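Here is a short report on a few local features of one model. Please look at the sequence and structure before reading on.

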Amino acid sequence: MKRINKFFKIAVLAVPLFAINACTDLEENVYSSLTTNNFYNNKNEVISAVLRPYTHANAWSTPGQNGWWRVSELSADQLAWPVKGRHGQDGGEWIRLHYHTTTPDDDSSWNPWRLMWWGLGLCTDPIENLEKRSIAEMGLTQVEKDAFVAELRLLRAFHYLKLMDLYGNIPIVTKVGEPISPPTQPRAEVFKFIEQEILENINKAPKLSSAMVGRMSQAGAYAMLVELYLNAEKWTGTPRWDDAISAANKLISGEAGGQTGAASLDDNILDTYKPTNNLSKEILFSIAYEFQVANFQPSWPGDFYHFDQRHIYGGARNGNDGVVVIPGVYDKFKDNDKRKKEWLLIGPQMRYDDPTKPVIAQGGNEYHNQPLVFVDNIRRNRVAEQNGTDPELLPSDMTQGEENSGVRFNKYKLGASTDPKYNSTDWAIYRLSWVYFAKAEALMRKNGGAATAEAVELINQVKQRAFDPADWENEKYTTATLTLDELLAERGREFIFEGFRRQDLIRFGKFTTASWWDHQPSDPTKELFPIPRRQTSLNPNLKQNPGYN
């Protein structure tokens, strides 16, 4: 059983309301009159406060709400949430994300900001309360107190890192409600602050172990350093490739621990994403779920699942028929690539309880009472069928979808409802495969963009799991075939759905310069999202990002 869930019900039920007063004057309501004098009186109360930010992180770091994940993926070149018949308009939010026309008034600007600063406040409040209390009154040892504080400061740094990723220049605040209207700080200063917080606390935090699944540990902290240093040239103007390699080595060597012993690559492409992935060897930091214990379940089915998805996988959950794979991405996987078959859904969908029978679409949409068949296009095929016209002549864009448009997500598995771990699949934030790719990229950047033998070996160790031994000789990379463009393409295949695509495209100089499907190049200022107008109206000391005034 995951330790994070041992106290999950305490963490969910005993939410300290004072922590909601986040650090950037998020809301007009002020909760500073609430006190914490009657909390932190024993170890269970301390643990509930320490764990509370993790339940909140589910809201913004994974699919399911309009947080960091959605805007990071739906603005990039692999995933979209197109209009499908009468569904998916949603005020045009997903259309503007796709075309890089998001405004300061959009929920896509406001909600990630709101959720992440809220979560940051949920870290800062217990840090302050732990630091001002004696270990005796909380029932802790000094070692426990120091470890809790280090864990929370690292988790707070994680919030800052993702805020900096999306918005660039942001405030730096380390006390609840002080100052009330903090000023914007340059991205390079924010970077320096995050780096300092990690370096000061990484050795005080526990190593990753089965007891720390779903919590910030040394493994998560080193992964954050890898992300910082990998993007340092873009974020600060100064490359930090050697530092990225050094941080990656800590994880590759297993020095920071792992969920089941020292971290290593999983043996196959399925173990990382199944209901027992708390036993995955390569997950370094995750949002952990234990539905059977705490009634806390993953939020991502809402984004990915069709209205009748339960019949496909044998569970009880359906979705909003939202996120799909952009046309053409499916064909970037070779047919003998196991990831194409295991991580993506296309074609006729058959019932889990009787694979000889098709899933019949319900709900009164375009294919009501018809077999559900996912297609690698986004257009009004039903209209063409009814009119007897050629569907290839139909327009294809973000407004032209139907309920079956697009290849679908199948990477993470909830399991069937009979599975003892059903609905408890953890969502990986960092995994060791990503670290292998980061180190390989850093080696190539240092080498003028050319692959070294070590870089090739790192990528091949990850990629090899996706091919049968008989095919591998023809599929493995060499120093000649592993170019930077090919590395970006392979990153797309390996990390599809995992939230990093926008960041990757920016780092490779493609986010605002490349075209994909119906998306055309955008202005360079669109590498950053606008500071939400609701926030700049409350805090006059915030400076809007260029291109949004």
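This is a predicted model: local features need pLDDT of at least 70, side-chain atom pairs count only at pLDDT 80 or more; totals for chains, interfaces and linings use all residues.

**Helix 9 and its two partners**

Two packed helices are described by the angle between their axes and the distance between the axes. Helix 9 spans residues 218-230. The table gives its packing with helix 7 (residues 142-167) and with helix 8 (residues 187-201).

| Pair | Axis distance | Crossing angle |
|---|---|---|
| Helix 7 and helix 9 | within 11 Å | roughly 25° |
| Helix 8 and helix 9 | 10 Å | about 155° |

Take helix 7 and helix 9. Angles under 35 degrees count as roughly parallel, so these two helices are roughly parallel to each other. Their crossing is left-handed. From helix 7, L154, A157, F158, L161, K162 and M164 take part in the contact. They meet A221, M224, E227 and L228 in helix 9. By class, this contact has eight nonpolar, no polar and two charged residues.

Now take helix 8 and helix 9. Angles over 145 degrees count as roughly antiparallel, so this pair is roughly antiparallel. The crossing of helix 8 and helix 9 is left-handed. Helix 8 contributes F191, I194, E195, I198 and L199 to the contact. Helix 9 contributes A221, M224, L225, L228 and Y229. The residues of this contact divide into nine nonpolar, no polar and one charged.

**Helix 18 and its cover**

Helix 18 runs over residues 453-463. Its buried residues are A455, V456, L458, I459, N460, V462 and K463. What covers them? The cover includes helix 11 (241-252), helix 15 (338-343) and helix 17 (432-446). It also includes helix 19 (469-475) and helix 20 (484-494).

**Strand 2**

Strand 2 covers residues 283-287. Five of its five residues are buried, so strand 2 is largely enclosed by the rest of the structure. Its partner is strand 8 (residues 427-431). Four bridges join the two strands, which run antiparallel. Within this pairing, F285 stands opposite Y430 in strand 8.

**T101 in its loop**

Where does T101 lie? T101 is in the loop between helix 4 (93-99) and helix 5 (107-132). Its relative accessibility is 40%, so T101 counts as partly exposed. Leaving aside neighbours within four places in sequence, T101 is in contact with R96 and D106. K526 lies 425 residues from T101 in sequence. In space, the two are 8.1 Å apart, C-alpha to C-alpha.

Terms used:
Residues are numbered from 1 along each chain as its sequence is written. Side-chain values use heavy atoms; hydrogens and water are left out. Axes are lines fitted to C-alpha atoms, for helices over the stretch in contact, and angles run from 0 to 180 degrees between N-to-C directions. Angles under 35 degrees count as roughly parallel, over 145 as roughly antiparallel, 65 to 115 as roughly perpendicular and the rest as oblique. A crossing is left-handed if the near helix is turned anticlockwise from the far one by less than a right angle, and right-handed if clockwise. Contact means heavy atoms within 4.5 Å. Ala, Val, Leu, Ile, Met, Phe, Trp, Tyr, Cys and Pro count as nonpolar, Asp, Glu, Lys and Arg as charged, and the others, Gly among them, as polar. Buried means under 20% relative accessible area, exposed over 50%, partly exposed in between (1.4 Å probe, protein chains only). Two strands pair if DSSP finds at least two bridges between them.
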